[in-house]
Amino acid sequence: MVDTRGFSGLFKESLHLYKTNFKFLTSIIFLSYFWGVIVNGLWKWFKPYLLPILYARLAYVTISLISWFLTTLGIVAIVIALNNLQKDEKKPLSSVYTEAVKLFFPVSTILIIEYLIILGGSVLFIVPGIIFFIWYLFSVYTAVVHKKRKGEALVLSKLVVKVSPGKVIGYMLLMGIISYTLSLLFYLPILIGVFSAFVPYPVGIILYGGIKSILTVWVTTFTLLLYMEIIEANPRILESI
Amino acid sequence: MKKLSKFEIIAGIVGLVVFPIVGYLLIYSPEKYSPFPIIAPSRTAGMELKKEISYIKARGDPLNLKDLASPPIPKEENAAFLYQKASDKVGKLPGEIEELLSERPSNLTLKEKIALDSFIKENEESFFLIEKAITYNRCQLPVNYEMSSYFKLSYFSDPPYVEWLRTSVRLLALKVLWELEKHNAEEAVNIAFQIKKVGDSLSNQPVFIVQFIRLSIYSVMLSSLEKILLEGDLSPVTLKRLIDVLASCQQDIKEMLKLIILGKRCIFIEAVQNPRNFLIEERGLKMGKMSYFIYSRFIKGDALYGLRIYKKMISLTELPLYEAIKESEKLEEEVRNDYRKEINKLFSKSAKISEWHFISHMLLPDIFGTFKIFAEYEAKLQEVRIVAALKLYRIKYGVYPDTLDDILLKILSPLPKDPFTGKNFIYKKEGDRFLLYSVGANLKDDGGEPEIFVNGVWKRGKDDIVWGKWDN
């Protein structure tokens with residue numbers, strides 16, 4: 001039986017892991033995820049002015065895809081790097097990204113299926129959508145850590161959540177609240193009040209992208225640790241797939 | 001091996017169906033479904049604008065300021081330069097002489113008489129030049145048809161050629177006074193008709209500013225004739241001639257009105273074609289690149305909107321003035337309401353902005369008052385004709401008629417109507433005196449009280465257009 005660390009244990013460990021590998025993890029996230037956020041933010045800035053133009057719609061689709069590609073690649077790379085660190089292997093940036101690019105399409109497929117199911121669930125009276133969203137919280141981790149593909153990844157994620165749904169929901173909600181509050185603390189002075197008048201929009205976007213990137217690494221670390229803990233405590237889940 | 005449950009698969013299929021629909025709604029119809037304020041100008045405006053422009057071309061109407069320019073007249077046949085010479089020779093009119101023109105008719109003092117007499121004699125050469133110019137019958141003013149200079153001149157300051165004509169016409173008006181002082185009313189009428197000829201010589205100039213100059217020249221003629229009729233005794237032949245000559249002036253009104261609106265439409269088309277230049281150079285407003293980028297997508301809709309209003313205004317020139325005034329007031333109200341709506345939309349965050357007639361709302365208000373200006377002019381013109389007819393009636397029958405209908409059959413037919421109402425002018429007789437007036441723009445009978453100009457402000461309320469009060 002694996003010892004469960006509780007929320008504070010996971011929290012401290014994720015913080016420790018991030019602290020000790022801060023430079024490495026930050027450089028990974030800033031290579032792609034950060035730019036995805038920036039592209040998306042800049043697009044939002046122009047969106048109201050550009051949308052009525054036909055070509056702008058094409059640009060909207062293209063930019064949305066680019067942004068999605070960059071953010072997904074960043075998340076996959078971070079999960080790969082964290083997984084390696086868990087195994088005490090510190091591979092260089094290039095090899096992390098090579099692996100991430102290889103995994104991009106399988107992960108994208110998983111995310112698309114996941115998104116469609118969540119959308120369908122939301123259309124069918126909202127609640128199923130929320131349930132699916134919670135079930136598939138770990139879909140990316142199953143794809144990266146246990147090399148699951150398509151439906152398998154989703155099923156594994158669902159099984160992992162189903163082991164202790166209360167714990168997963170509680171921990172993730174708490175982590176969500178903490179990271180959101182932290183991001184607000186940094187971002188609020190820019191968002192409202194006197195300061196917003198002095199900060200040009202692009203600067204605000206860059207700052208927002210930076211803060212979001214750093215917090216994403218931390219939340220991803222926490223989620224991975226939670227996922228690993230549940231898997232280690234219940235190794236039979238893997239056998240059932 | 002475990003697979004996705006049936007419910008998950010169903011949800012996935014539903015998602016697959018819903019996704020393209022949501023995508024379509026958000027991307028292709030953002031003006032309806034997007035939560036952001038969306039600017040979505042009309043997509044058909046471009047096509048409609050092309051049709052409108054081709055319609056204007058097919059009618060042979062001018063499209064821009066250069067189209068307005070009439071074929072050049074040789075310098076030897078152009079009266080404009082003689083007016084320039086005459087005006088330059090006189091220079092600025094002395095203050096005491098200028099006062100004679102601004103006052104209502106009253107007996108001149110001895111000092112004034114001497115000053116007027118010496119002024120007329122000093123400037124004989126100028127009078128000679130003006131008389132020579134009048135024989136040319138054609139006057140082409142050196143109007144600059146470049147958009148910026150044309151605009152600056154017509155809105156911010158008078159072009160120099162306005163001064164040439166103003167001085168020349170004022171000289172003639174002074175000569176009318178001079179002849180009246182010499183009890184030579186018949187000659188004074190001839191000089192007043194010379195003023196009319198100065199205005200007539202501008203008839204081939206299809207530029208709206210020139211047409212306004214022409215209108216003011218005719219107004220000077222009318223006020224001169226008013227003085228003559230009030231102070232001088234005219235023979236029946238001259239009175240008859242006066243009635244007939246002024247009848248032709250009436251026909252010019254429609255021509256002038258149409259030319260003015262056509263000219264203003266050309267200005268509008270130029271402004272719409274180059275809005276940034278128009279705003280920066282002509283109105284001193286700077287439009288940022290981003291604002292211009294946004295506004296440029298409304299420009300076709302704006303042009304179309306303005307052209308439709310101008311088209312309606314041009315069609316109104318065919319109507320009698322009192323109907324045209326009513327219709328133009330309705331149009332003005334419509335444009336004002338549109339302006340209010342658009343402003344409200346621009347300042348409310350959630351609105352979907354689909355129309356923004358920025359330049360139309362800057363330029364259109366200029367034209368709505370045009371009919372009233374012309375109605376005032378026509379009222380004065382018809383009053384002069386009626387008074388001439390009344391004087392003729394008195395010569396024939398010894399008294400003024402009891403009603404205006406009395407002169408209808410015997411002297412003046414058809415009887416001129418009040419351009420503001422389409423009905424008879426108001427005529428009141430008391431002994432050997434009469435009161436004649438038009439009700440004016442407010443359409444109310446204010447008992448013959450005109451608008452008063454006090455301390456540089458027109459006091460609104462009463463606005464009857466009155467012939468010299470209680471003429472006898």
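**Exercise 1. Classify Glu52(B) by accessibility, then describe its salt bridge with Lys311(B).**

Step 1. Glu52(B) has a relative accessibility of 11% and counts as buried; buried means under 20% relative accessible area, exposed over 50%, and partly exposed in between (1.4 Å probe, protein chains only). The model is predicted: local features need pLDDT of at least 70, side-chain atom pairs count only at pLDDT 80 or more, and totals for chains, interfaces and linings use all residues. Residues are numbered from 1 along each chain as its sequence is written, chains are lettered from A and ligands numbered from 1 in the order in which they are written, and side-chain values use heavy atoms, with hydrogens and water left out.

Step 2. Lys311(B), at 34% relative accessible area, is partly exposed.

Step 3. A salt bridge requires a side-chain nitrogen of Lys or Arg within 4 Å of a carboxyl oxygen of Asp or Glu. The side chains of Lys311(B) and Glu52(B) form one, at 3.7 Å from N to O. Lys311(B) belongs to helix H16 (residues 299–316) of chain B and Glu52(B) to helix H3 (residues 45–59) of chain B, so the pair ties together parts 259 residues apart in sequence. Helices (H or I, at least four residues) and strands (E, at least two) are DSSP runs, numbered from the N terminus.

**Exercise 2. Locate the two partners of the salt bridge between Glu77(B) and Arg138(B).**

Step 1. The N to O distance of this salt bridge is 2.5 Å.

Step 2. Glu77(B) sits in the loop between helix H4 (65–68) and helix H5 (80–90) of chain B, and Arg138(B) in the loop between helix H8 (124–136) and helix H9 (147–155) of chain B, so parts 61 residues apart in sequence are tied together.

Step 3. Glu77(B) is partly exposed at 36% relative accessibility, and Arg138(B) is partly exposed at 34%.

Step 4. Over all chains, the count is 23 salt bridges. Arg59(B), Asp61(B) and Arg265(B) are linked in a network of them.

**Exercise 3. Trace the pairing of strand E2 (residues 433–438) of chain B.**

Step 1. Strand E1 (residues 426–430) of chain B pairs with E2(B) in the antiparallel sense over five bridges; two strands pair if DSSP finds at least two bridges between them. Ile426(B) stands opposite Tyr437(B) in E2(B).

Step 2. E1(B) and E2(B) form a hairpin with two residues between them, and Gly431(B) in the turn has a positive phi of about 65°.

Step 3. E2(B) also pairs with strand E5 (residues 465–466) of chain B, in the antiparallel sense, over two bridges. Here Ser438(B) stands opposite Ile465(B) in E5(B).

Step 4. Five of the six residues of E2(B) are buried. Arg433(B), however, is partly exposed at 31% relative accessibility. The side chain of Arg433(B) meets that of Glu430(B) in a salt bridge of 3.5 Å, N to O, and Glu430(B) is partly exposed at 45%.

**Exercise 4. Summarise chain A and its helix H8 (residues 150–163).**

Step 1. Chain A contains twelve helices and zero strands. Of its 241 residues, 47% count as buried.

Step 2. Among contacts (heavy atoms within 4.5 Å) in chain A with a separation of 6 or more, 77% come from residues 24 or more positions apart.

Step 3. H8(A) has 14 residues and reaches 21 Å from its first C-alpha to its last, close to the 20 Å expected at 1.5 Å a residue; the expected span is 1.5 Å times one less than the number of residues. The buried residues of H8(A) include Ala153(A), Leu156(A) and Val160(A).
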